[in-house]
Amino acid sequence: QVQLVESGGGLVQAGGSLRLSCAASGSIFSINGMGWYRQAPGKQREFVAWSTGGGLTNYADSVKGRFTISRDNAKNTVYLQMNSLKPEDTAVYYCNGRVSSAGALQSYWGQGTQVTVSS
């Protein structure tokens, strides 16, 4: 069993910053990639950022230049540094990990953390 636990969400004014963390634990053999998605009220979940096992990163156009994803492989943890936040960044942010566990590669989700940006 693998668990992903996010932390670091909260309320911030427009232009401010927040740092999200997501730690994976459990029966982990390896982690192929970890990243972040978000879901705003009334909208579908959307891709935000991804970090591959080899350290390559990818971002949604809407967050390029403002958000930075990073990983601490020793801690099985992925971070999302969010700067210059905008009200449209308000959403529940979910961590996702492609984890090899018990001989199978599966996708796991965290429970989500709320980010609210006030104007």
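**Close-up 1. Cys22 and Cys95 form a disulfide.** Their sulfur atoms are 2.1 Å apart. The model is predicted. A disulfide is a covalent bond between the sulfur atoms of two cysteines. The count for this model comes to 1 disulfide. Cys22 belongs to strand β3 (residues 18–26) and Cys95 to strand β9 (residues 91–101), so the bond ties together parts that are 73 residues apart in sequence.

**Close-up 2. The disulfide of Cys22 and Cys95 is left-handed.** The torsion about its S-S bond is about -80°, which means a left-handed disulfide. Are the two cysteines buried or exposed? Cys22 has a relative accessible area of 0%, so this residue is buried. Cys95 also counts as buried, because its relative accessibility is 0%.

**Close-up 3. Tyr37 and Phe47 form an edge-to-face aromatic pair.** A search of the whole structure finds 2 aromatic pairs. For Tyr37 and Phe47, the distance is 5.7 Å centre to centre, with 75° between the planes. Tyr37 lies in strand β4 (residues 30–39), and Phe47 lies in strand β5 (residues 46–52). The two residues are 10 apart, and their pair links distant parts of the chain. Tyr37 counts as buried at 17% relative accessibility, because buried means under 20%. Phe47, with a relative accessible area of 26%, is partly exposed.

**Close-up 4. Tyr37 also pairs with Trp109.** Here the ring centres are 5.1 Å apart. The planes of Tyr37 and Trp109 stand at 65°, so this pair is edge-to-face. Which strands does the pair link? Tyr37 is in strand β4, and Trp109 is in strand β10 (residues 104–109). Trp109 is partly exposed, with a relative accessible area of 38%.

**Close-up 5. Three aromatic residues form one cluster.** Its members are Tyr37, Phe47 and Trp109. Tyr37 takes part in the pair with Phe47 and in the pair with Trp109. A pair of aromatic rings is described by the distance of the centres and the angle of the planes.

**Close-up 6. Arg19 lies over the face of Tyr79.** What is the distance from Arg19 to the ring centre of Tyr79? It is 4.1 Å.

**Close-up 7. Arg45 lies over the face of Tyr94.** The distance from Arg45 to the ring centre of Tyr94 is 3.7 Å.

How values were computed:
Residues are numbered from 1 along each chain as its sequence is written. This is a predicted model: local features need pLDDT of at least 70, side-chain atom pairs count only at pLDDT 80 or more; totals for chains, interfaces and linings use all residues. Side-chain values use heavy atoms; hydrogens and water are left out. A disulfide is a pair of cysteine sulfur atoms within 2.5 Å. Helices (H or I, at least four residues) and strands (E, at least two) are DSSP runs, numbered from the N terminus. Buried means under 20% relative accessible area, exposed over 50%, partly exposed in between (1.4 Å probe, protein chains only). Rings of Phe, Tyr and Trp (its six-membered ring) pair if their centres lie within 6.5 Å; planes under 30 degrees apart count as stacked, over 60 as edge-to-face and the rest as tilted. A charge sits over a ring if NZ of Lys or CZ of Arg is within 6 Å of the ring centre and within 35 degrees of the ring normal.
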